[in-house]
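Please open the model in your viewer and keep the selection panel at hand. The stops below are meant to be followed in order.

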Amino acid sequence: MAQWRFERVVSEKLQGQVWRVQSEGRVGYFKFARDDQWRYSGPYIANEWITAALARRLGLPVADLEVADVVGPDGVAWHGVVSVVTPAEEVISWAKAPQAVRQRPEDHLYDVARLSQLVVFDAWTANVDRATGTNLILYRHQGEQRYHWYLIDHALCLLGAPYKWEKHRWRDPFWSRLWLYYHTPQGLLRLQSSWSALSPMIRRIERLQPGDIDAAIASAPQGSLPSRMRQETRALLLHRQRILRTLLRRWLTFRGVKEFRPRRHD
Ligand SMILES: Nc1ncnc2c1ncn2[C@@H]1O[C@H](COP(=O)(O)OP(=O)(O)O)[C@@H](O)[C@H]1O
Ligand SMILES: [Mg+2]
């Protein structure tokens, strides 16, 4: 296990804390939660891990993850997960990208076809946390015009945390109406609004076998997912695999708001 060292506190929220950390020239973001944050954090390490494994299986780029124990400024060590930053000259979130990138992503990014399928993956994994664009990272090396991209922060995907299901259990019809809990990051709706853009990823997900899902679940770090939640994560993924096509057809025909709009003072 690499030794990650505390650099600074990034955020402290109901669902947990994030610290910026370093290890031998590498930079990462370390996420951990106290036991009393369970209602909002749930099995966040397993959610991150399993969702990233599924993304990789489907050819979507995601940040490397490492479990770690990191000692904070007060000398207390916490157990959590590090999301490793891809080294590059420029690393920014979609939310902070120049307006031109959001207006014409096809002119500024590599692999836009894949990015145009993101809603399909997020719908399958019940991601409630993509809208603001902070969980989509862009980077480019010196001399590059276009940005590469990768996905981060899948802590609230899949079973997420208990509070995710307090109003509507995951089999409830609420969760088949994607627009009620998911907005595309600003500027990504247009690319994702045709059946031809989405259908390759729908077919990829439909072709996954239960064994592929089991392998992703089995890859989660030891102790990160109680066995009853293993079964439930599996059931959720199989259920949403079955409804995925219908869910996205309804989403495509829905005429209301489907894209995130930052408020002006943000
Ligand atoms: N692999 C990464 N590359 C670049 N930035 C990252 C990476 N992982 C995390 N971050 C940064 O840290 C922030 C917090 O991490 P995140 O996993 O999104 O936790 P939170 O649950 O607080 O949203 C992100 O919004 C992003 O700015
Ligand atoms: Mg985030």
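Predicted model: local features only at pLDDT ≥ 70, side-chain atom pairs only at ≥ 80, totals over all residues.

Residues are numbered from 1 along each chain as its sequence is written, chains are lettered from A and ligands numbered from 1 in the order in which they are written, and side-chain values use heavy atoms, with hydrogens and water left out.

Asparagine 135 lies in the loop between helix 6 (118-124) and strand 7 (136-140), and aspartate 153 in the loop between strand 8 (148-151) and helix 7 (195-207), so the pair ties together parts that are 18 residues apart in sequence. Helices (H or I, at least four residues) and strands (E, at least two) are DSSP runs, numbered from the N terminus. Both asparagine 135 and aspartate 153 are buried, a term for under 20% relative accessible area, with exposed meaning over 50% and partly exposed in between (1.4 Å probe, protein chains only).

**Strands.** Next select strand 2 (16-23), where seven of the eight residues are buried, so the strand is largely enclosed by the rest of the structure. Strand 1 (residues 5-13) runs antiparallel to strand 2 and is joined to it by seven bridges; two strands pair if DSSP finds at least two bridges between them. Phenylalanine 6 stands opposite valine 21 in strand 2, and arginine 20 stands opposite tyrosine 29 in strand 3. In the hairpin of strand 2 and strand 3, glutamate 24 takes a positive phi near 45 degrees, and this residue is exposed, with a relative accessible area of 80%.

**Cores.** Finally, select Trp124 and Leu248, which touch the most other members of the largest nonpolar core, a group of 77 residues. A nonpolar core is a set of buried Ala, Val, Leu, Ile, Met, Phe, Trp, Tyr and Cys residues joined through side-chain atoms within 4.5 Å. Apart from that core lies another, of seven residues, including Val27, Ile137, Tyr139 and Tyr150.
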